[in-house]
Amino acid sequence: MDPRVEAIDWPRATADLDAQGWALLPSLLGAEDCDALAGLYLQDSGFRSRVVMGRHGFGQGEYKYFSYPLPLLIQALRTALYPRLAPIANRWHERMGKAARFPDDHAAFLARCHDAGQARPTPLILQYGPGDYNCLHQDLYGEHVFPLQVAVLLDEPGQDFQGGEFVMTEQRPRMQTRPMVVPLRKGDAVLFAVNSRPMHGVRGDYQVKLRHGVSKLISGKRHTVGVIFHDAT
């Protein structure tokens, strides 16, 4: 068991996920771990690719996907968080009428991904400077998609950078889009829906679509680690 994951208030996190599609996980990482992870961005080894967002219309800024083996801290979080999230994911899929179900063990789910040709690791680290932003998007990567993911902020707002809020939108059928801003501090994580989540209506459950991104950075430098549980084609 990972003490960082066990210390999370899971009843509250689960209730927040069901109510709004995201949950704040305060102080998931300490300052030293945050600084160590942010420092990895300057290294050339340990990554499978680097993406400059402006070249692809994704926004401004850049990010790098880790290669296997993942850094020990990222691997530990991915392995420890998944069993807590799999029951929520299965319940959501049942409510949304989706056939896919997720095993209790993350290694078993990754084996399913790899058998389907999704074998490239998806955990990543993002770096933003002044003027950078990330367009609203979904991290899908292939047929097999785990419906929840985690992002951890590695720098302190108001001290290391200005602007750069984590934002989400929710699109309900035949309704206007709802915006949401997640109030993250250094070491906080946000647990959120990758693509869709169930919502209870007068005629039963229905699906709503979510997207996430980052607003324009005014000054400083901002790093985030993303922990995605499915691998990519």
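The notes below go from the whole chain to single residues.

This is a predicted model, in which local features need pLDDT of at least 70 and side-chain atom pairs count only at pLDDT 80 or more, while totals for chains, interfaces and linings use all residues. Residues are numbered from 1 along each chain as its sequence is written, and side-chain values use heavy atoms, with hydrogens and water left out.

**Overall form**

- The protein chain holds five helices and 15 strands, where helices (H or I, at least four residues) and strands (E, at least two) are DSSP runs numbered from the N terminus.
- The radius of gyration of the protein chain is 17 Å, which agrees with the value near 17 Å for a compact globule of 233 residues; this radius is taken over C-alpha atoms, and the globule rule is 2.2 Å times the number of residues to the power 0.38.
- Along the principal axes, the C-alpha atoms fill a box of roughly 50 × 40 × 35 Å.
- Of the 233 residues, 52% are buried (under 20% relative accessible area, with exposed over 50% and partly exposed in between, for a 1.4 Å probe and protein chains only).
- Among contacts with a separation of 6 or more, 78% join residues 24 or more positions apart, a contact being heavy atoms within 4.5 Å.

**Helices α2 and α4**

- Helix α2 (residues 10-20) packs against helix α4 (residues 72-96) at an angle of about 35°, and their axes are 12 Å apart; axes are lines fitted to C-alpha atoms, for helices over the stretch in contact, and angles run from 0 to 180 degrees between N-to-C directions.
- On the α2 side the contact is made by W10, T14, L17 and D18, and on the α4 side by L81, R84, L85, I88, R91, W92 and R95.

**V150 in strand β7**

- V150 lies in strand β7 (residues 148-153) and is buried, with a relative accessible area of 1%.
- Although V150 and V190 are 40 residues apart along the chain, their C-alpha atoms are separated by 5.6 Å.
- Not counting residues up to four places away in sequence, V150 touches L81, A189, V190, L191, F192, V225, G226, V227 and F229.

**P121 in a loop**

- P121 sits in the loop between α5 (106-115) and β5 (124-128), and at 6% relative accessibility P121 counts as buried.
- Leaving aside neighbours within four places in sequence, P121 is in contact with R48, Y65, F66, S67, Y68, L70 and D231.
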